Amino acid sequence: MKVVIIGGERIAYFLAKSISSKGYRIYVVNKDAQLCEDFARDLKAVIVHGDASKRSVLEQLDIEEEDIIVVLTNKDKENLIITQLAKKIFGVKNIVTLINNPDNIELFNKLGISAAVSTTTMMQRAVENLLFGKELEEFLSLEEGKLAFLKIEIPENSKVIGKKLKDIGLPHDCVVGGILRKGEVIIPHGDTILDIGDILFIVAVPTVQTEIANLLTGEKDAKKI
Amino acid sequence: MRNKSKDNLYLVIIGCGKVGANVASRASSIGHNVVVIDKNEKAFENLTVEFTGFTIFGDATEKDVLMEAKIDRADYVFVLTEDDNTNFLISMACKYYFAVKKVIARVYEPDNIQLFREYDVEVISPTVLAIDKLSDFVVGDYK
């Protein structure tokens with residue numbers, strides 16, 4: 001079994017370095033001749049200079065079904081054709097790929113590539129968590145972000161404190177699934193009264209995230225201004 | 001579902017080069033509804049005066065652009081960019097995001113043909129066509 005790393009610059013380098021240090025056989029394929037020279041000097045790996053979206057290049061790699069293929073180019077169209085050639089023509093089962101446009105994650109999944117990593121999505125999530133402030137945290141998102149699981153803490157001067165859940169006017173596209181209060185879990189219903197420091201676990205459509213955050217963390221007399 | 005006759009098709013053509021533009025113009029001139037997509041605005045200059053359809057200036061590897069073309073309603077999608085890898089991504093998006101039944105793609109590299117066919121994309125390969133045609137001269141009585 002070997003690990004074949006296709007495309008990528010720094011990620012490919014550090015990935016190859018860390019995997020080879022664990023004693024696995026590594027092949028690195030890259031289109032960039034200069035990069036290949038650097039890799040050949042610095043890595044304990046077989047370096048192949050060529051375009052892996054070409055079947056003839058893949059054929060040189062003696063790919064076996066048990067191999068692991070990691071695809072890291074910065075173009076989704078290349079990643080797609082490489083993963084599909086590997087899967088359909090060479091019968092490789094374990095394929096990991098980078099995805100640049102988050103819209104394509106679903107496509108790769110439908111084409112049988114379940115290990116698709118989108119750095120854009122990860123960065124987007126990190127930025128959004130900063131945007132919404134520390135009170136709101138998206139801790140899980142399903143179906144490429146169509147459904148979000150949010151965790152939000154009720155701050156000290158929130159206007160919803162002392163109110164019933166059904167009266168605070170949460171948007172329709174969300175459900176409060178649980179409340180963590182002083183270490184105890186409450187499964188809420190409409191009559192549950194909110195308190196300072198409650199941590200709400202909410203299942204929501206991403207478009208209402210901001211509305212939820214504003215509603216639950218908004219300060220008491222803020223609206224009068 | 002509306003029953004379409006052969007003389008009123010909805011075609012989406014991706015890539016407005018010489019082939020794309022000519023097919024689009026001809027299809028448009030005989031009354032089909034045609035939408036052409038290209039990411040290079042200048043490419044639309046290839047269309048002839050007969051063309052009465054719509055043009056979309058955008059990158060068809062992006063889902064939003066395909067959606068704008070209402071590609072899910074297309075009877076045929078012709079994927080004719082200059083690059084096999086681009087054509088593969090677009091063909092797969094048409095099939096798997098928009099359930100287009102008839103996707104026909106241009107494939108230059110003969111090595112790629114099998115992959116397109118595995119996913120039920122019809123292939124036109126200029127390379128293979130030329131090889132076959134030229135080989136006919138050499139192995140004339142082969143057939």
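Colleague: Leaving aside its neighbours within four places in sequence, what is Phe57(B) in contact with?

Modeller: Phe57(B) is in contact with Asp38(B) and Glu41(B). Contact here is C-beta atoms, placed from the backbone, within 7 Å. Keep in mind that this is a predicted model: local features need pLDDT of at least 70, side-chain atom pairs count only at pLDDT 80 or more, and totals for chains, interfaces and linings use all residues. Residues are numbered from 1 along each chain as its sequence is written, and chains are lettered from A and ligands numbered from 1 in the order in which they are written.

Colleague: Which strand holds Phe57(B)?

Modeller: Phe57(B) sits in strand 3 of chain B, residues 54-57. Helices (H or I, at least four residues) and strands (E, at least two) are DSSP runs, numbered from the N terminus.

Colleague: Why does Phe57(B) count as partly exposed?

Modeller: Because Phe57(B) has 15 C-beta neighbours inside 10 Å. Buried takes 20 or more other C-beta atoms within 10 Å, exposed takes 12 or fewer, and partly exposed is in between.

Colleague: And how far is Phe57(B) from Val123(B)?

Modeller: They are 66 residues apart in sequence, and 25 Å apart in space, C-alpha to C-alpha.

Colleague: New topic, the contact between the chains. How many residues come from each?

Modeller: Chain A gives 18 residues and chain B gives 15. On chain A, the elements with two or more residues touching chain B are helix 3 (55-59), helix 4 (76-89) and helix 5 (105-110).

Colleague: Which of them gives the most?

Modeller: Helix 4 of chain A, with 9 residues. By class, the side of chain A that touches chain B has 6 nonpolar, 4 polar and 8 charged residues. Ala, Val, Leu, Ile, Met, Phe, Trp, Tyr, Cys and Pro count as nonpolar, Asp, Glu, Lys and Arg as charged, and the others, Gly among them, as polar.

Colleague: At what angle do helix 4 of chain A and helix 3 of chain B pack?

Modeller: About 80 degrees, with their axes 8 Å apart. Axes are lines fitted to C-alpha atoms, for helices over the stretch in contact, and angles run from 0 to 180 degrees between N-to-C directions. The two helices are therefore roughly perpendicular to each other. That label covers 65 to 115 degrees; under 35 is roughly parallel, over 145 roughly antiparallel, and the rest oblique.

Colleague: Which residues meet there?

Modeller: From helix 4 of chain A, Asp76(A), Lys77(A), Glu78(A), Leu80(A) and Ile81(A). They meet Asn85(B), Thr86(B), Phe88(B), Leu89(B) and Met92(B) in helix 3 of chain B. That helix contact has 5 nonpolar, 2 polar and 3 charged residues.

Colleague: Now chain A itself. What domains does the assignment give?

Modeller: Domain 1 is 2-120 and domain 2 is 132-224. Those bounds come from an automatic or database domain assignment. The C-alpha centres of the two domains lie 42 Å apart.

Colleague: What is the strand order in the sheet of 6 strands?

Modeller: The order is 3-2-1-4-5-6 in chain A, an open sheet with parallel pairing. Two strands pair if DSSP finds at least two bridges between them. Strand 3 (46-49) and strand 6 (115-118) stand at the edges with a single partner strand each, so one side of each has no neighbour in the sheet. Neighbouring strands are turned by 15 degrees against each other on average, direction ignored.

Colleague: Which helices pack on that sheet?

Modeller: Helix 2 (33-42) of chain A packs there, touching strand 2 (25-30) and strand 3. Its direction makes about 170 degrees with that of strand 3. Helix 6 (119-131) of chain A also packs on the sheet, touching strand 5 and strand 6.

Colleague: And the sheet of 5 strands, parallel or antiparallel?

Modeller: Antiparallel, an open sheet in the order 7-8-11-9-10 of chain A. The edge strands are strand 7 (136-142) and strand 10 (184-186).

Colleague: What does Phe201(A) in strand 11 pair with?

Modeller: Phe201(A) is the bridge partner of Lys151(A), and also of Gly178(A). Strand 8 (147-153) joins strand 11 (199-204) by 6 bridges. Strand 9 also joins strand 11 by 6 bridges.

Colleague: Where is there a positive phi in the hairpin of strand 9 and strand 10 of chain A?

Modeller: At Lys182(A), near 50 degrees. That hairpin has 2 residues between the strands.

Methods. Two residues are in contact if their C-beta atoms, placed from the backbone, lie within 7 Å.
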